[in-house]
Amino acid sequence: FPTRRFSDLSLECMAKWGDSPTAWLPISAISHAQVANTRGGMGNVHRRLIEAWAQQSLEEPFELVPGVSISLVLSCMVADHDAQRGSLCAKGSAGLKPCAFCINCIAKSAQGTAEKDAQFRTIAESDMSLFQQHSTEALRQFICKALQHPKSKAEHELQERVLGYRIERNNMWMSPTCLQCLPLERYVNDSMHCYFSNGIC
């Protein structure tokens, strides 16, 4: 779509929400085709969006209309698993570790590993307290170190599969701005997404 036409279409469709103090309004839009043609995919799109947001310093109060000042603070990212996987450059079900947030969560098919080492739990585990959370800094350090030591294609793919994250340069893990504005700890899993999107609730 031409930019103007797409913007007008979005604003016209959502005009009735303008008076609601609780409305969720989109700040950007991108098509699947555009993401597919972007080097680094959704991870790079996510990085560029967060960096552009930070550059505007919207957390500093600014005058919206005469006498009315507001500030916009990026407090968290609420998304379903697929959106989080894309933004975080996680492998999802393509990796041995299907969860972007857990160090010791492994695929259901890796039951044998879980039986040999109690530290690991499969994604079928019902006791959530047994999962250990990744930290932003630990992941950043691992990915940076991996990028400094080139490997063969097979070794690189194995490392990504075992880590559960894609190891590449065009993403949030290489952006200090992204990691400061929206660290891993500020991602909120929208577990109800499938119900809302399918009209069940």
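**Entry 1: a valine at the surface**

I started with Val78, which counts as partly exposed because its relative accessibility is 39%. For the record, buried means under 20% relative accessible area, exposed over 50%, and partly exposed in between, with a 1.4 Å probe and protein chains only. Before going on, a note on the source: this is a predicted model, local features need pLDDT of at least 70, side-chain atom pairs count only at pLDDT 80 or more, and totals for chains, interfaces and linings use all residues. Residues are numbered from 1 along each chain as its sequence is written, and side-chain values use heavy atoms, with hydrogens and water left out.

Val78 sits in strand β3. Helices (H or I, at least four residues) and strands (E, at least two) are DSSP runs, numbered from the N terminus.

What does Val78 touch, not counting residues up to four places away in sequence? I found Trp24, Val188 and Asp190, where contact means heavy atoms within 4.5 Å.

Together, Trp24, Val78 and Val188 make a nonpolar patch on the surface with about 330 Å² of accessible area. Patch rule: residues with over 30% relative accessible area and no salt bridge, like charges joined within 9 Å, nonpolar side chains (Val, Leu, Ile, Met, Phe, Trp, Tyr) within 5 Å. Areas are Shrake-Rupley with a 1.4 Å probe, and for residues only the protein chains shown count as cover.

**Entry 2: the whole chain**

The chain has 9 helices and 6 strands, and 30% of its 201 residues are buried. Of the contacts between residues at least 6 apart in sequence, 55% join residues at least 24 apart. The chain exposes about 13500 Å², and carbon and sulfur atoms supply 55% of that.

**Entry 3: helix α4**

I looked at α4, residues 81–88, and found Gln84, Gly86, Ser87 and Leu88 buried. Which elements do the buried residues of α4 pack against? They pack against α3 (41–55), β3 (77–79) and β6 (187–189). After α4 comes Cys89, with a positive phi near 60 degrees.

**Entry 4: a buried asparagine**

Asn171 is in the loop between α7 and α8. Buried or exposed, at its relative accessibility? Asn171 is at 0%, so it counts as buried. Leaving out residues up to four places away in sequence, Asn171 touches Gly43, Asn44, Arg47, Cys89 and Arg166.

**Entry 5: helix α6**

α6 runs over residues 136–148, 13 residues in all, and reaches 19 Å from its first C-alpha to its last, close to the expected 18 Å at 1.5 Å a residue. The expected span is 1.5 Å times one less than the number of residues.

I listed the buried residues of α6 as Thr136, Leu139, Ile143, Cys144, Ala146 and Leu147. Down the helix axis they fall within an arc of 160 degrees, so they line one face of α6; the arc is that of the directions from the helix axis to the C-beta atoms. These buried residues pack against α7 (153–163) and α8 (176–181). On the face turned away from the buried side I found the exposed residues Lys145 and Gln148.

**Entry 6: salt bridges**

Side chains of opposite charge can pair when their charged atoms come close. I searched the whole structure and got 5 salt bridges, each being a side-chain nitrogen of Lys or Arg within 4 Å of a carboxyl oxygen of Asp or Glu.

- Arg140 and Glu137 pair at 2.6 Å, N to O. Both are in α6, 3 residues apart, about one turn of the helix. Arg140 is partly exposed at 26%, and Glu137 is partly exposed at 39%.
- Arg121 and Glu125 pair at 2.9 Å, N to O. Arg121 is partly exposed at 24%.
- Arg166 and Glu168 pair with their closest N and O atoms 3.7 Å apart. Arg166 is partly exposed at 22%, and Glu168 is partly exposed at 21%. Arg166 is also one of the contacts of Asn171.
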